[in-house]
Amino acid sequence: MAVEQSLTPRGEQTRIHDIGYRHYDGPRLGRAYARRSLYSQSLRGSYGLGRSVKSKVLPMLLFVVMCVPALIMVAVAVATKAKALPVDYTRYAVIMQAVIGLYVASQGPQSVSRDLRFKTVPLYFSRPIETVDYVRAKYAALASALFVLTAAPLIVLYVGALLAKLDFVDQTKGFGQGLVSVALLSLLFAGIGLVISSVTPRRGFGIAAVIAALTISYGAVSTVQAIAFEQSSSSAVPWIGLFSPITLIDGVQTAFLGATSAFPGSQGPSTGQGVVYLVVVLGLIAGSYGLLMRRYRKVGL
């Protein structure tokens with residue numbers, strides 16, 4: 001409908017013209033469809049799909065960097081007819097933690113900071129999406145993108161191990177343990193990255209903060225652990241590992257997945273200490289989700 005008011009002469013009545021607008025009578029797809037669409041769009045965006053070529057460069061480059069060492073290891077194992085892979089499945093993500101941290105630092109802020117900067121979050125919540133839908137979609141998308149990043153090289157290692165005719169049962173068991181480890185890592189890193197990124201609409205600040213929380217903390221904790229080990233304080237080494245996300249994952253997989261610890265002197269946590277590690281990891285995941293919910297309830301007002 002359109003309203004047109006005549007300017008001549010004064011006092012003439014308003015004219016209303018029907019110009020043919022029609023109401024939408026089709027199906028309403030609802031919250032579930034909107035949530036799936038937001039998840040899909042966010043997951044694609046984590047690898048630059050559907051965006052400019054410039055947006056694809058860094059995530060795709062990091063994906064390649066994650067997979068190339070695995071390809072080299074496989075090539076060496078097949079060529080030399082090795083009896084085992086150079087690196088365990090559970091160790092690969094720990095070795096490549098800098099690449100994983102850089103990926104989270106680049107894609108966490110990309111996922112949420114633009115919505116904050118351009119104040120589009122309230123538009124999402126107008127209808128039909130609610131706060132819980134937005135948070136779940138964003139969290140699941142970044143965690144899924146991280147799982148793809150960390151699981152892909154494990155698949156390369158597994159296929160290579162089978163081509164090298166290594167023991168099928170041992171390799172399948174190790175591959176399964178590796179997948180459990182990177183799934184837990186993906187949930188933890190995604191939660192931390194999104195919480196930090198949601199604090200500021202400035203992407204640069206978010207990137208720096210995520211790098212500090214994930215990568216710099218690992219360097220600091222590893223240094224303190226090495227000092228404690230050299231000072232004959234080996235009993236303190238596992239407890240120090242509670243203060244870095246990647247060492248938390250290392251501790252959990254050492255205690256429950258039979259992995260070899262990357263801690264100095266392989267001083268990984270015992271089963272009892274591993275329970276503490278697991279509780280801290282699950283608490284951080286649940287806490288990250290809760291903080292995101294509180295944050296976006298305020299932003300959506």
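Me: What is counted as a cavity, and how many of 30 Å³ or more does the structure hold?

Reply: A cavity is a set of grid points where a 1.4 Å probe fits but cannot get out. Rolling a probe the size of a water molecule over the atoms shows where empty space is left. The present model is a predicted one, and it holds 1 cavity of 30 Å³ or more. The largest cavity has a volume of about 30 Å³.

Me: Which residues line the largest cavity, and which helix gives the most to this lining?

Reply: The lining consists of Val112, Tyr134, Val135, Lys138, Tyr139, Leu194, Leu292 and Tyr296. Helix H6 gives the most, with 4 residues; H6 and helix H11 (271-299) each supply at least two. By class, 7 of the lining residues are nonpolar, none is polar and 1 is charged.

Me: Which residues does tyrosine 296 contact beyond its neighbours within four places in sequence?

Reply: Tyrosine 296 is in contact with Val112, Leu116, Val121, Phe125, Thr131, Tyr134, Val135 and Ser198. With a relative accessible area of 16%, threonine 131 is buried, because buried means under 20%. Apart from residues up to four places away in sequence, threonine 131 touches Phe125, Met293, Tyr296 and Arg297.

Me: How much space lies in the largest pocket, and which lining residues are closest to its centre?

Reply: The largest pocket holds about 250 Å³ of space. It is lined by 15 residues, and those closest to its centre are Asp88, Tyr89, Asp170, Gly174 and Gln177. Helix H3 (89-95) and helix H7 (168-197) each supply at least two residues of the lining, and H7 gives the most, with 5. The lining divides into 6 nonpolar, 6 polar and 3 charged residues.

Me: Is glycine 176 buried, partly exposed or exposed, and in which helix is it found?

Reply: Glycine 176 is found in helix H7. Its relative accessible area is 29%, so it is partly exposed. Between glycine 176 and leucine 154, 22 residues apart in sequence, the C-alpha to C-alpha distance is 9.6 Å.

Me: How are aromatic pairs described, and how many does a search of the whole structure find?

Reply: A pair of aromatic rings is described by the distance of the centres and the angle of the planes. The search finds 6 aromatic pairs. In one of them, tyrosine 89 and phenylalanine 175 have ring centres 6.1 Å apart and planes at 70°, so this pair is edge-to-face. Tyrosine 89 lies in helix H3 and phenylalanine 175 in helix H7, so the pair ties together parts that are 86 residues apart in sequence. Tyrosine 89 is buried at 6% relative accessibility, and phenylalanine 175 is buried at 15%.

Me: Why is the pair of tyrosine 158 and phenylalanine 175 classed as it is?

Reply: The ring centres of tyrosine 158 and phenylalanine 175 are 4.5 Å apart and the planes lie at 10°, so the pair is stacked. This pair links distant parts of the chain, with tyrosine 158 in helix H6 and phenylalanine 175 in helix H7, 17 residues apart. Tyrosine 158 counts as buried, at 14% relative accessibility.

Key
Residues are numbered from 1 along each chain as its sequence is written. This is a predicted model: local features need pLDDT of at least 70, side-chain atom pairs count only at pLDDT 80 or more; totals for chains, interfaces and linings use all residues. Side-chain values use heavy atoms; hydrogens and water are left out. Contact means heavy atoms within 4.5 Å. On a 1 Å grid over the protein atoms alone, a cavity is a set of points where a 1.4 Å probe fits but cannot get out, and a pocket is an open set with protein on both sides within 12 Å along at least five of seven lines; lining residues have an atom within 4 Å of a point. Grid points are joined across faces, edges and corners, and a volume is the space filled by probe spheres set on the points. Ala, Val, Leu, Ile, Met, Phe, Trp, Tyr, Cys and Pro count as nonpolar, Asp, Glu, Lys and Arg as charged, and the others, Gly among them, as polar. Buried means under 20% relative accessible area, exposed over 50%, partly exposed in between (1.4 Å probe, protein chains only). Rings of Phe, Tyr and Trp (its six-membered ring) pair if their centres lie within 6.5 Å; planes under 30 degrees apart count as stacked, over 60 as edge-to-face and the rest as tilted.
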